[in-house]
Amino acid sequence: MHPVFRLVNRNLTISLNMGFVIWQVIFPIIYIFVAGFAYTALIHSVPFGSKSLNYPAFIASGMIGFNIMNSTLISGIIIWNDRRHGMFEQILVGPFTRAQYILSNVYTIGIIGLVSAGLITAIGYPIFFKSVEFNVLTIPLVVFASMTGAILFGSIASIISTRLKSSEGFNVVINTAFLFFAFVSTAFYPAQGAPPILATAFYLNPLTYLVDVVRVGIFGNFTGTVGYEMIILTVLAVIFFGIATKLLSRLEI
Amino acid sequence: MLCIEAKSLFRSYGNVTAVDGIDISVESGKIFGFLGPNGAGKTTTMKLLTTLIPPSSGTITILGIDASRHPLDVRKKIGVVLQQPSYEPTLTVEKSLEKYGMMWDIDIKTRRDRVEELLTAFDLQDIRKKKNDDISIGQRRRVQVAREFMHDMDLLFLDEPTAGLDPSARRGLLDYIKGKVRDGLTIFFTTHILEEAEYLCDEIAIINRGKIIAVDTPDELKNKFGREKTIKIRIGQMQEISGMLQGVRNYDVSHDEGTVITIHSADSEQILAKILQVLQSNNIQIEDLSVVPTSLEEIFLTVVKNSNASSISSGK
Ligand SMILES: Nc1ncnc2c1ncn2[C@@H]1O[C@H](COP(=O)(O)OP(=O)(O)OP(=O)(O)O)[C@@H](O)[C@H]1O
Ligand SMILES: [Mg+2]
């Protein structure tokens, strides 16, 4: 087996434990089924381009992006643990290069991101299937968004993991950052109708772009704005991936 | 064949010169011991030799491969147990061995056999199902060392592998290593524990402040630096013998079990001859006579002390 796949195999083995599965499956289910239906009393429908979606469908599609983002925390955690428990050095003194280590993390993020997206799509499908408009263009959109989003957020988590020394620091910073990303975004509520400051803040947040592209992939309604959002998502992913790679390749031993 | 050949290696961290121009050569099939006090540069040397960090200058050839040009080729053929602990906290002991074998591309059948063999050899059967997070530090160290034997290698680097091990685990490990060397493995081994080096190593280098200050076989080191011998002579009766031994120097008399005369000097043989003469002419029976061999520890302390003294006097 290629060295990178051996590392991916190891990454998946050490990351996939009960806690992670709960984090990845139970939380989104609670959001979709509890929050989604509880809020329908307040929110009857959410405008989405020319369509209007019911709130559970809106939030279920938002959860796909949310879940991709959360799943990529894994890459930060792997790097963080590898440094803390000496496995980083041990791997680099084994039959691997730094580039392979970095690449294996990218693949791990990609795989976990896609599986998470698939999982939530499957869970949410019964809820949003009435409004779904899958076609040749839309499914690749969801896959594109999953991959770019995974790389973008995986890089952010990696950057944080290389910059921090104490373990409390790591948890606090990463949770704060991801909490901000989650709640100041269009994952839970639409930007249309939000107070202008908040709506602007939504668009300073890459999760918004990720969620918007996923939604278009599911509900159709492709517009020029979404095209821009895809470009921004790609550019951000490239920039952050570049920074993460640079920091990782310079990480002191 | 030379397994390790390093020439004029230098490595500094900022303005600290951790490795200050050392040469090392290790023949294949040997156990090479690397001794030195804390901060001497042992770990840094090991990191250089295993390509984990690049030297500031100097050349390193490992198993005939130029280590700075082809570090990956070197790493594929060596095993390394670093001084720093390394483990996967969420995996069980057996799983972490198994996964480590997978990382080294060992086929699954061989992997399973080796896991069993190593769990037994390193006395880990009882904790095989426990997570690495839930075992003691010494047990974790054993897992770390055992793990390295999951893959094949021509040369193994061990940085204080026995640190934190109890005496029986330590002996078990040293014997396991000896067995592997009989099968053709070459070992580069650092330690603080002198008996360990003496028990295990074919050749020993002592490093201090980044410089190698002595290299030789343990016996030769003792010959060179261990001329000061200690000889004990025990005579049965309580005797006041200092009066008889006037003119003889470098001895000590104590009276805990009978009377014991201890000679400690570089020319203890001559002093012994004189004392024996005196005892004989006074008709005193000798009950026991023993030569306490110079331990490597004493040599180590002497050599390091001398090297510190000379670097101070030379203004360093
Ligand atoms: N990463 C680092 N950054 C700065 N200085 C370092 C670093 N690693 C080691 N040093 C310095 O280099 C010198 C040699 O350290 P090294 O770890 O090689 O010693 P050692 O012989 O392995 O000691 P010990 O017996 O305590 O393990 C020391 O003065 C140490 O302070
Ligand atoms: Mg050390």
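The legends below accompany close-up views of a predicted model.

**View 1. The largest cavity and its lining in chain A.** Three cavities of 30 Å³ or more are counted in this model, and the largest cavity holds about 70 Å³ of space. Its lining is made up of I79(A), I102(A), N105(A), V106(A), I109(A), G154(A), S155(A), S158(A), F241(A), A244(A), T245(A) and L248(A). At least two residues of this lining come from each of helix 6 (98-128), helix 7 (138-163) and helix 11 (224-250) of chain A. Sorted by class, the lining of the largest cavity comprises seven nonpolar and five polar residues, with no charged residues.

**View 2. The magnesium ion (ligand 2) and its protein donors in chain B.** The ion is coordinated by OG1 of T43(B) and OE1 of Q83(B), at 1.9 to 2.1 Å. These two residues bring together distant parts of the chain, 40 residues apart, since T43(B) belongs to helix 1 (residues 42-49) of chain B, whereas Q83(B) sits in the loop between strand 6 (78-81) and helix 3 (93-103) of chain B. T43(B) has a relative accessible area of 22% and is therefore classed as partly exposed, and Q83(B), with a relative accessible area of 35%, is likewise partly exposed.

**View 3. The open four-stranded sheet of chain B.** The strands of this open sheet follow the order 2-1-4-5, with antiparallel pairing. Strand 2 (16-27) and strand 5 (65-66) of chain B are the edge strands, each of them pairing on one side only. Within the sheet, strand 1 of chain B is joined to strand 4 of chain B by five antiparallel bridges, among them the one that makes I60(B) in strand 4 the partner of A6(B). Strand 4 (residues 57-62) of chain B is in turn joined to strand 5 of chain B by two bridges, again in the antiparallel sense, and here T61(B) has D66(B) as its bridge partner.

**View 4. The hairpin of strands 1 and 2 in chain B.** Strand 1 (residues 2-13) and strand 2 of chain B are paired antiparallel over nine bridges, and the bridge partner of L2(B) is E27(B) in strand 2. Two residues lie between the strands of this hairpin, and G14(B), in the turn, has a positive phi of about 60°.

**View 5. The two assigned domains of chain B.** The domain assignment divides chain B into domain 1 (2-223) and domain 2 (227-292), and the C-alpha centres of these two domains lie 45 Å apart.

Note on methods. Residues numbered from 1 in each chain as written. Chains lettered and ligands numbered in written order. Predicted model: local features only at pLDDT ≥ 70, side-chain atom pairs only at ≥ 80, totals over all residues. Heavy atoms only, no water. 1 Å grid on protein atoms, 1.4 Å probe; cavity = no way out; pocket = protein on both sides within 12 Å on 5 of 7 lines; lining within 4 Å. Points joined across faces, edges and corners; volume = space filled by probe spheres on them. Nonpolar A, V, L, I, M, F, W, Y, C, P; charged D, E, K, R; others polar. Donors = N, O, S within 2.8 Å, 3.2 Å for Na, K, Ca; no water. Buried < 20%, exposed > 50% of the residue type's maximum accessible area, 1.4 Å probe, protein only. Domains from an automatic or database assignment. Pairing = 2+ DSSP bridges.
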